[in-house]
Amino acid sequence: MAAKIAVENPNSPGKTTNVDAEKYSEMHRHFLAALPSEPPGIAVADLIAAVKPQLSQELFPQGATCGWWVKCVQLDLEAKAVIRRADKPPVRLYKL
């Protein structure tokens, strides 16, 4: 059985969901590496395009489920106040 890690969601405070720890760790590392430290940040579609070619083909064959894992890591890091969304649409993310 694969190891799990609890992730948070800013839309459901106090609730956690367990996800695959290895996939989360892989996405988390590349997600933060691609994220700028200053607003306005990077658009989610551009973030997906940046991380997809960096991912392990064993964990994410041909980038499968990349978008879902970007959103998972995004929401977890937003809940933990590690990243923030820009004030105006479209959604753009940056590190705090």
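These notebook entries record what I looked up in a predicted model.

**Entry 1: helix α1**

I began with α1, which runs over residues 21-34 and holds 14 residues. From its first C-alpha to its last I read a reach of 20 Å, close to the 20 Å expected at 1.5 Å a residue. I then asked which residues of α1 are buried. They are Tyr-24, Glu-26, Met-27, His-30 and Phe-31.

I next looked up what the buried residues of α1 pack against. The list comprises strands β1 (4-8), β2 (16-20), β4 (83-85) and β5 (92-95), together with helices α2 (44-51) and α3 (66-79).

At the N-terminal end of α1 I found a cap formed by Asp-20. A side-chain oxygen of Asp-20 lies 3.0 Å from the backbone nitrogen of Glu-22.

**Entry 2: the segment before β1**

I located Ala-2 in the segment before β1. Its relative accessible area is 40%, and I therefore record Ala-2 as partly exposed. Between Ala-2 and Glu-22 there are 20 residues in sequence, and their C-alpha atoms are 8.0 Å apart in space.

**Entry 3: the sheet**

I traced an open sheet of three strands in the order β3-β5-β4, with antiparallel pairing. The edge strands are β3 (42-43) and β4, each of which pairs on one side only. For β3 and β5 I noted two bridges in the antiparallel sense. Across this pairing, Ile-42 stands opposite Leu-93 in β5. Helix α3 packs on the sheet, where α3 touches β4 and β5. The direction of α3 makes about 100° with that of β4.

**Entry 4: helix α3**

I turned to α3 itself, which has 14 residues and reaches 20 Å from its first C-alpha to its last. This is close to the 20 Å expected at 1.5 Å a residue. How many of the residues of α3 are buried? Ten of its 14 residues are buried, and I therefore describe the helix as mostly covered. The buried set is Cys-66, Trp-69, Val-70, Cys-72, Val-73, Gln-74, Leu-75, Asp-76, Leu-77 and Glu-78. I found that these buried residues pack against β1, β2, α1, α2, β4 and β5. After α3 comes Ala-81, for which I read a positive phi, near 60°.

**Entry 5: Gln-74**

Is Gln-74 buried or exposed? Gln-74 is buried, because its relative accessible area is 0%, and the cut-off for buried is under 20%. Leaving aside neighbours within four places in sequence, I listed the contacts of Gln-74 as Phe-31, Val-44, Ile-83, Arg-85, Val-91 and Leu-93. Among these, Phe-31 is one of the buried residues of α1, and Leu-93 is the residue that Ile-42 stands opposite.

**Entry 6: Pro-89**

Finally I looked up where Pro-89 sits, and found it in the loop between β4 and β5. Pro-89 counts as exposed, because its relative accessibility is 77%, and exposed means over 50%. Pro-89 and Ala-6 are 83 residues apart in sequence. In space I read 29 Å between Pro-89 and Ala-6, C-alpha to C-alpha.

Key:
Residues numbered from 1 in each chain as written. Predicted model: local features only at pLDDT ≥ 70, side-chain atom pairs only at ≥ 80, totals over all residues. Heavy atoms only, no water. Helix = DSSP H or I, 4+ residues; strand = E, 2+ residues; numbered from the N terminus. Expected span 1.5 Å × (residues − 1). Buried < 20%, exposed > 50% of the residue type's maximum accessible area, 1.4 Å probe, protein only. Contact = heavy atoms within 4.5 Å. Polar contact = N/O pair within 3.5 Å; in protein donor to acceptor, adjacent residues only side chain to side chain. Pairing = 2+ DSSP bridges. Axes fitted to C-alpha atoms, helices over the stretch in contact; angles between N-to-C directions.
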